[in-house]
Structure formats: structure tokens, C-alpha cells
Amino acid sequence: MKKRERVEVIADILQVVQRAGGKIKPTHLLYKANLSHDALKRYVDELQKSDLLVETEKGGKRTYALTDKGHEYLAKYRQFKEFSDAFGVS
Amino acid sequence: MVSSLGPSWFLEADVIFDLIFFLVTGIVSWMGFRAYRFFKDERHRQFALGFFFICSSYLLLALTNLLIMLEIRRLTDLVYTWRDIIAIANLTYIGSLMHAALFLIGLTMLLFLYLQITEKKVKLLVLILVGFVILHSYRTRATIYAVTTIFLLFILVQLAENYRRKRKRSSLLVMLGFGGVFLGECLLLALFLGPIFYVAAGVTTLIGYLLILASLVRR
């Protein structure tokens, strides 16, 4: 997969979490991110390592939450996406 | 008195205009490099480099016009010789030619990007043809203006297509901005009709770059 596409997949995952109010259950994320289980797991692991996403557990229920760094990443993504779209570079 | 390509009363405004063009294209180039660092996409690097050359060309033009302006001011109080006049004429010619060359390099990079020309042989062919036409031209500067106008027209068509697909305020502003820059180059082609066309070109290009700058402002 090209680097450009990888960034978009990461942004898509983070946007799904943000639209869900900043927290999402793994099953909902799998459904809404439109990725295979293995691919999503790889990405989520990577996002956790990069400190963009954090896994929390409450009452035996796991959820993924967006970190501050995750919010910043999304803001940057939107800014550069807008720029790229405006100049037709994307 | 031989001065820049425009009327002598426009020289101060010309320096300011060139500095504004330098700033706007510099900001676009800087944003392009930041986008490249984020996306790690070769197209963004090419875009940023193209604007970097364009931004450098305007800095060179601003410095040239500033030197001409200072030289003219120095000479007004003194008796000047033909040697002084020839020195200013040479400075004008070399400065504007170097600006045009850097501008053309930047624009060529953008053209390759927008027309998605990736084949090295095709790129080389275009560069050889452009170089050949300019070097064998009787009126070098006018030929460079003609080539940049054609390149800008092709880029403008791509930006119009981009706006048709995206339908965003920012893409509309960028398209209109490039339209202004294109119109400015067209007016420079009419420079032989009188120096007032240089002023008209400057004002039109300024409007173009201000529109491009407005596209960068987030609402």
C-alpha cells in the first residue's frame, strides 16, 4: 500500500472514533472503518504505539479513545487535505 | 531614462508587488513542504519545489527592481553618462531574464505535476523543445512570456477541472487566482504596445496572488 493511502486509512479510523464522540467499541470500529479484522488490528496497534489512540477498559468492556495527539493529527490532516484539494494536488 | 520594464513612477509599487508575490508563493511552497512531510507523497514535494522556484524568481525580481530604483535615485542628483544608462539597462535585462528562467522552471514542474507527466523521456523532450525555442528566439523575453502563458493556460484548465470536481470555496479561489496570474502574463505579452501594460499586468497578477492567499485562510 502506498504511503499516501496509509495516511488516509489512519485518518479514516481516527475520524470514525471522533464522530462516535471520541470513544468507540472495537466491534463498532471494525464495522465503521470498513477494514478487515487483521488490517484494523495492525492499524490500531500502530496508532496505539504512536499515541494517537488509547485502549481503555471499564466494567469488562473495551473501548478505543482518541488522545490529544490523535485530535491534533486529525486537525493537521484536515488542514493539509483542504490545501491539497484546493490546489488539486491530491 | 532607461528603467525597469514599466514606467519609472511604477518602480516603487513594483518592488512592493514583487515582495507580495514572493510572500504568497513562499507561503504556498512552505505549506506544500509541510503537506509533503505529513503525507510523504512525491506529488506534494514536486508542488512545493515548483512554488519554491517561483517564489525565488520573485525575490530576485524584487531585488533587481530595488537596485534599479536605488540606482535611479542616486543618478537624479548627478550628471549621468551613457555608461550609467547601459548599466541599468543591463541590470533590468539580466534581472528580468533570470526571474523569467526561475519562474519557468517552477511552472514547468507544476505543469508536469498537473498533466501527470511522469515519463522522464517526455519531460526531457518538453525541456529540450522549450530551451530550443527560447534560445533560438529573436525576442527572448517575449518568447519566455509566451511559453509561461501557454503553461499557465494548461495549469488553469486543470485547476478548472479540479474545481468542477471538488466545488469548494478554496479550489474556486485558487482557480481564479491562477486566472489572474495567467491574465497578467497575457498582458505582459502586450508590453510592446506600451509600458502601461506592465502596470496592468502587475495589478492583475496582484489580484491573482491575493485570491490564492485568500484560499489559504481557513473559515
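Arg6(A) is partly exposed, at a relative accessible area of 24%. Here buried means under 20% relative accessible area, exposed means over 50%, and partly exposed lies in between (1.4 Å probe, protein chains only). The model is predicted: local features need pLDDT of at least 70, side-chain atom pairs count only at pLDDT 80 or more, and totals for chains, interfaces and linings use all residues. Residues are numbered from 1 along each chain as its sequence is written, chains are lettered from A and ligands numbered from 1 in written order, and side-chain values use heavy atoms, without hydrogens and water.

Arg6(A) forms a salt bridge with Glu46(A), with the closest N and O atoms 2.3 Å apart. A salt bridge needs a side-chain nitrogen of Lys or Arg within 4 Å of a carboxyl oxygen of Asp or Glu. Glu46(A) sits in helix α3 (residues 37-49) of chain A and Arg6(A) in helix α1 of chain A, so the pair ties together parts 40 residues apart in sequence. Helices (H or I, at least four residues) and strands (E, at least two) are DSSP runs, numbered from the N terminus. Glu46(A) is partly exposed, at 31%.

## Salt bridges within a helix

The whole structure holds 10 salt bridges over all chains. One of them pairs Asp45(A) with Lys41(A), at 3.3 Å from N to O. Both residues lie in helix α3 of chain A, 4 residues apart, about one turn of the helix. Asp45(A) is partly exposed at 31% relative accessibility. Lys41(A) is partly exposed too, at 47%.

Glu42(B) forms a salt bridge with Arg45(B), and the closest N and O atoms are 3.0 Å apart. Helix α2 (residues 42-76) of chain B contains both, 3 residues apart, about one turn of the helix. Glu42(B) has a relative accessible area of 43% and is partly exposed. Arg45(B), at 34%, also counts as partly exposed. Elsewhere, salt bridges that share partners join Lys81(A), Glu82(A), Asp85(A), Lys166(B) and Lys168(B) into one network.

## The interface of chains A and B

In this interface, 20 residues of chain A are in contact with 26 residues of chain B. Contact means heavy atoms within 4.5 Å. The area buried between the two chains is about 2100 Å², and carbon and sulfur atoms give 67% of it. Buried area is the accessible area (1.4 Å probe) that two parts lose on being put together, summed over both.

Between chain A and chain B the count is 3 salt bridges. Asp85(A) pairs with Lys166(B), the closest N and O atoms being 3.7 Å apart. On the side of chain A that touches chain B, the elements giving two or more residues are α1 (3-19) and α4 (68-87) of chain A. α4(A) gives the most, with 14 residues. By class, this side has 9 nonpolar, 4 polar and 7 charged residues. Ala, Val, Leu, Ile, Met, Phe, Trp, Tyr, Cys and Pro count as nonpolar, Asp, Glu, Lys and Arg as charged, and the others, Gly among them, as polar.

## Thr204(B)

Thr204(B) lies in helix α7 (residues 196-216) of chain B. Thr204(B) is buried, with a relative accessible area of 15%. Not counting residues up to four places away in sequence, Thr204(B) touches Gly180(B), Leu183(B), Gly184(B) and Leu187(B).
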